[in-house]
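Hi,

Here is the structure I said I'd pass on. Have a look at it first, and my notes on what turned up follow below.

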Amino acid sequence: MKKLVCVAIASAGVLLVMRAQIREEIDKSGGNRPTIAIPDLRGSGEAQGFMGAFNDTLRADVTSSGMVKVAPKTSYPLSIPQQPSDFIQPPPVVETPRGRKGQTPQPANGGGRWMSDWSGPPVLANYLAFGYTAPQNGVLVLYGWLFDLSRGTPANASALNKRYIGSLDEAGARKVAHEFAADIVALFGGQSLFGTHIYFTSDRTGHKEIWVMDSDGKNQRQITHFNSISIESSPSPDGAKIAFTSYARGNPGIFVFSVDPVRDLRFYNQGASVNSSASFTPDGKQIVYSSSAGRCCRIFIANLDGTGFRPISSLSSIDTEPKVNPKTGNEIVFTSGRSGPQQVYRMNMDGADIERLSDGTGEAGNPSWHPDGQKIAYAWTRGFAAGAWNIFIMDVASRQYIQLTHAEGKNEHPTWAPDGRHLAFSSTRAGRNQVYSMLADGTQVQPLTTQGNNERPFWGK
Amino acid sequence: MFNKRKITVLGIALWLAMFAAGCKKKAPPPPPPPPPAPVDTAKPAPAPRPAPVVSQFTAEPTSIQRGQSSTLRWEITGDVSSVSIDQTIGAVQNTGNRRVFPSDSTTYTLTATGPGGSTTATATVSVTSPPPPPPPVAPTPTVTLEQRLGSDVQDIYYDYDKSDVRGDARDVLTRDANAIKGILSDFPNASIVVEGHCDERGSAEYNLGLGDRRASSAKDFLVQLGVPADRLKTISYGKEHPQCTESNESCWQRNRRAHFSPGQ
C-alpha cells in the first residue's frame, strides 16, 4: 500500500513537472508575459486599402504566438504615433496655487503621443508596436517600430526599427505583417510560424484532395486533382515534397510529389492491397509506411522512389502511422492493434524493443513527434466511448500525459508546429470536420478552415 | 405660289384618274333584276314528305386493336334516294354491312337522303395499339455482372475491430461462394473485388488496415470453398465509403462489412 502511494505521488509529481514544462515552453517568461499594445497601423494612399488585412494578420500572429499578452484595443488612447517623431512630451503639470495641499499631480497626458500614455493605465503595456505603410515605387513599404516603454524617452526606446517590403496588394500587406510580427515575437524568444505550411485533406471539391495552407489558414491551395480519394499527406523535413495516399490508381497506394511546382516524383509501390500512411525520415532520404504486403500490415522503410523497401516490424497485427523521431532518427512511434484495440507504440529503427506507450485503455492513434523528440501528441479515446477522440500530449520517457481537448466533438490528428509550441488538429466541435490550431496547453484554439470537411493536418515547413 | 402648285397637283391627279378610267374594261351592263315570284294561289301546298329513318347504324365490335377489323351494319327505312358513308366508303345500299380496318380511332358518319330530306347517324370504332412483340431471344445473358452481384451475392458483416468471419457471416459466405462460382462461369473474363469497410470509430489509418483484413478474410473463406483465388481481388476503403453516417450501432454495423463489386 505504501509502495502504491509512493508510486502515485511520484507519478503525480512527474505529471506536474510535465505540465510545467509544457507551460514553460509555451510561455518562456514563466507566466509573467509582457504586455504589448498594437494599435492599428495606417497606410498612405493606395496602401490604406490593404491595412485591414495587415492589422488582422499582425495582431493574430503576435497574439497566437503565446509569447506576449496583447493589450485590448479599447483601452488605447486616441492619438496613435506613426513614427518616433510623433512623440511629443506633454508640458509638465504645474501645480496651480489654488490646488489643494496633498493632491497628487496628474501624470503628464499626451493623449497617446507620449510613452507614458501607453505604459500607464488603462493600457499598462510594456511595449508599443507602431508604424505605417506607404506605396513606394510600386511596392508596399512598412516602417515598423517596437518601443520598449520602460526606457523613458523615444530616443532610446526603440527595440525594433525595420523596413519591410511587399507587393502592393493584400498578399503583400499580409506578408509584411507576418514579417513584422515574426521580428516582434523573436524579441521575446518566440519562433514565427510565418512561412510554415499545414497540409491537409479537404473534400470541398466533392472529392478528398490534398490541400495546403499557411499556418494562419490563409492561401489555401489545392495540390492534387485526382477526383479520387487522396489522404494522409505528410511533408518532407525541408518542405519541398509531400508523401500521401491515394486511390487514384485503384488500390490505396503511396505517392510522392514535389510541392513547387506540383509534380509526381513517381514512388514505386510494392505489390500490396494497401500501401499507406507514409512519412519522411528526419534526413528526408527515406520513407516509412504501412504495407499489407504478405498480410496487413507491417511498417516498411524504402527510398524516396519506393525502391529498396524492407519491413521493420514483423507481422503481428495492423501496424500503421509510423513516425520517426525527428531529433534522434533512431526510433519510430506507430499505431498497432497487437494487444487488442489500437494503441500507440514505439520501437527502434530495426524493429526491436517494441513498447506500448498508451496504457491499453480505450483506443489510441495519430502519434506526432514534438520537434524535441521527447514528447508526442496523439489522439486517444481514454475515458470516453470508442470513437470519441481527444488530443493528448505524452512525455515518451515517463509515459506521463496531459489531455488538451475535452469532448468537444471528435478531436483527431494532432500535429506539432515547427515551433514546438503550437498544434494543429481536426475537430468536429462545430459540426463538420475542420482544422484548428491551438497552443500546446490547449488554449487559443483558432479555426483555420471552413469550406467542406477538412481533416488530417500535417504541419511542416 | 402655294395655291398655284396645289392646283397643278390636283389637275394631274384628275387627269390620271380619267386616264385610268379610260383604260378599264367597259363594265358589263348590270344584270336584269330577278323576276317577281310567281304567284300561284290555286294549288295548295303539298304535305311535307318524311326524311329517311336510320333504324340501325352500328360498329361491331366498337373497340379493336390496330390491324383488326370491325363490321359496320346499317339499315335505312323510309323514302330513301341515296345512302352514303364517309371515310372513303361512299355510296352503299339501304341495308348492308362492311368490314373496316381503321388504323386509328374513327367515327363513321352515315348520311341517308330522300325527297323528305336527309338523316345522319354515326358509329365509332376505337382502335388501341397492340402490345409490342416479344424481343428475340438474347444470345448472351442480359443482366450485367453488377446486377448479378447485387441480386445473388450478399454483403457480410463484422464485429467491431474484428476481421474474422463470424458465425452468421459463414452461412452467408457459403451461399455467396456458390453464387460467385456461377457468376464467374457466366462471365468468364470477369473478376470480382471484395471491398472491406469499417465504421467511423477507429482511426482512419488503422481502419485502412482493418478493412484490408476484412476483405482478405472474406476472400480466403471463398477460396477455401473453391472460388478461384486469381479471380478475386481485395480493396480496403477503411471508413472512406460509408453506407450511412449516423453515429449509432445500427449504422456502424451496416458499415462494418465486406461488399462485392465487379473488377475491371
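**A helix to start with**

Helix α2 (residues 51-64) of chain A is 14 residues long and spans 19 Å from its first C-alpha to its last, close to the 20 Å expected at 1.5 Å a residue. That expected span is 1.5 Å times one less than the number of residues. Helices here are DSSP runs of H or I with at least four residues, strands are runs of E with at least two, and both are numbered from the N terminus.

A bit of housekeeping: this is a predicted model, where local features need pLDDT of at least 70 and side-chain atom pairs count only at pLDDT 80 or more, while totals for chains, interfaces and linings use all residues. Residues are numbered from 1 along each chain as its sequence is written, chains are lettered from A and ligands numbered from 1 in the order in which they are written, and side-chain values use heavy atoms, with hydrogens and water left out.

Back to α2(A). Its buried residues are M51(A), A53(A), F54(A), N55(A), T57(A), L58(A), R59(A), D61(A) and V62(A). Buried means under 20% relative accessible area, exposed means over 50%, and partly exposed is in between (1.4 Å probe, protein chains only). Those buried residues pack against β1 (35-37), β2 (42-43), β3 (69-70), β4 (127-136), β5 (139-148) and α4 (170-187) of chain A, with contact meaning heavy atoms within 4.5 Å. After the helix comes G66(A), which has a positive phi near 75°.

**Where the two chains meet**

Chain A puts 37 residues into the contact and chain B puts in 22 residues. Together the chains bury about 2,200 Å², with 51% of it on carbon and sulfur atoms. Buried area is the accessible area (1.4 Å probe) that two parts lose on being put together, summed over both. On chain A, Y247(A), I318(A) and Q342(A) supply 22% of the area buried against chain B, more than any other three residues.

There are 11 residue pairs in polar contact between chain A and chain B (both at pLDDT 80 or more). A polar contact is a pair of N or O atoms within 3.5 Å; within protein, one must be able to donate a hydrogen and the other to accept it, and residues adjacent in sequence count only if both atoms are side-chain atoms. By class, the side of chain A that touches chain B has 12 nonpolar, 17 polar and eight charged residues. For those classes, Ala, Val, Leu, Ile, Met, Phe, Trp, Tyr, Cys and Pro are nonpolar, Asp, Glu, Lys and Arg are charged, and the others, Gly among them, are polar.

**Salt bridges**

Side chains of opposite charge can pair when their charged atoms come close. The rule for a salt bridge is a side-chain nitrogen of Lys or Arg within 4 Å of a carboxyl oxygen of Asp or Glu. The whole structure has 29 salt bridges over all chains, and three salt bridges cross the interface of chain A and chain B. One pairs E240(B) with R456(A), with the closest N and O atoms 2.6 Å apart.

Within chain A, R174(A) and E170(A) form a salt bridge at 2.9 Å between the closest N and O atoms. Both lie in helix α4 of chain A, four residues apart, about one turn of the helix. R174(A) counts as buried at 16% relative accessibility, whereas E170(A) is partly exposed at 41%.

D419(A) and R421(A) also meet in a salt bridge (3.7 Å, N to O). D419(A) is buried, with a relative accessible area of 10%, and R421(A) is buried at 3%.

Most residues other than glycine have a negative phi, and most peptide bonds are trans. A cis peptide bond joins D260(A) and P261(A), with omega about 5°, and P261(A) sits in the loop between β12 (253-258) and β13 (263-264) of chain A. In chain B, a cis peptide bond joins E60(B) and P61(B), with omega about -5°.

R399(A) is not a glycine, yet its phi is positive, near 65°. A407(A), also a residue other than glycine, has a positive phi near 60° and is partly exposed at 43% relative accessibility.

Cheers
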